[in-house]
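Subject: Structure handover and findings

Dear colleague,

I am passing on the structure below, and after it I set out what was found. Please read the notes with the structure open beside them.

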Amino acid sequence: MTRIAADSSSDIESAIDEFLYAFTHIEWDRFRATFTDDATLFLFPAERSTVEDSFGPLFRTIRERLPPGSSSFELNPEDVDIRTSGDAAIVTFHLRNLGAWPGQLGRRTLVMVQEKDHWRIAHLHASICPDNAQMRCSP
């Protein structure tokens, strides 16, 4: 596996940026396009699901909870680690200040595949845990 430095420019990082932008700006079509057609997800505490089943309701909830006049929210991924092997990549990162989970550390793992010159998410795994130094993963 090849490790890509988090500060290097790459097509994978561009795909991650697009995913985060579409999510934080609640742009469903743009967000959905960052996933493969048959992508699966594990979002706490649910079982395996699809993008539509997991994120459709979440997008509605986020829209309802945004302050009046606001059309986006902020996420700041930390400890981004990208590892590639051929036309596949594993991306991990942490999120803090997740709103509904104060004091928790959000962990995200994306399994990405290259499809027709575009990197897309084939699987997303999301979990939360207490935010303390012992629980952090090292990149």
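Helices and strands here are DSSP runs, with a strand taking at least two residues, and they are numbered from the N terminus. Please also keep in mind throughout that this is a predicted model.

With that numbering, strand E3 covers residues 78–85 and contains aspartate 79. Aspartate 79 is not a glycine, yet its phi is positive, at about 55 degrees. Aspartate 117 sits in the loop between E5 and E6, and because its relative accessible area is 70%, where exposed means over 50%, it is classed as exposed.

In general terms, nonpolar side chains in soluble globular proteins tend to be buried together.

Phenylalanine 31, once its neighbours within four places in sequence are left aside, is in contact with Phe19, Ala22, Phe23, Val51, Phe55 and Phe59. Methionine 112 belongs to strand E5, and its relative accessibility is 1%, so it counts as buried. Not counting residues up to four places away in sequence, methionine 112 touches a list of residues including Ile12, Ala15 and Ile16, together with Ala88, Ala89 and Val91, as well as Trp119, Arg120, Ile121 and Ala122. The C-alpha atom of methionine 112 is separated by 9.6 Å from that of threonine 34, although the two residues are 78 residues apart along the chain.

As for charged pairs, side chains of opposite charge can pair when their charged atoms come close, and the count for this model comes to 6 salt bridges. One of them joins glutamate 52 to arginine 32, with the closest N and O atoms 2.5 Å apart. This pair links distant parts of the chain, since glutamate 52 is in helix H3 and arginine 32 in helix H2 (residues 28–32), 20 residues apart. The two partners fall into separate accessibility classes: glutamate 52 is partly exposed at 38% relative accessibility, whereas arginine 32 is buried, with a relative accessible area of 15%.

Another salt bridge brings together the side chains of arginine 83 and aspartate 81, at 2.6 Å from N to O. Here arginine 83 is partly exposed, with a relative accessible area of 31%, while aspartate 81 is buried at 9%. Salt bridges that share partners also join Glu18, Glu27 and Arg30 into one network. Within it, glutamate 27 and arginine 30 have their closest N and O atoms 3.3 Å apart. Glutamate 27 is partly exposed at 29%, and arginine 30 is likewise partly exposed, at 34% relative accessibility.

Note on methods:
Residues numbered from 1 in each chain as written. Predicted model: local features only at pLDDT ≥ 70, side-chain atom pairs only at ≥ 80, totals over all residues. Heavy atoms only, no water. Contact = heavy atoms within 4.5 Å. Helix = DSSP H or I, 4+ residues; strand = E, 2+ residues; numbered from the N terminus. Buried < 20%, exposed > 50% of the residue type's maximum accessible area, 1.4 Å probe, protein only. Salt bridge = Lys/Arg side-chain N within 4 Å of Asp/Glu carboxyl O.
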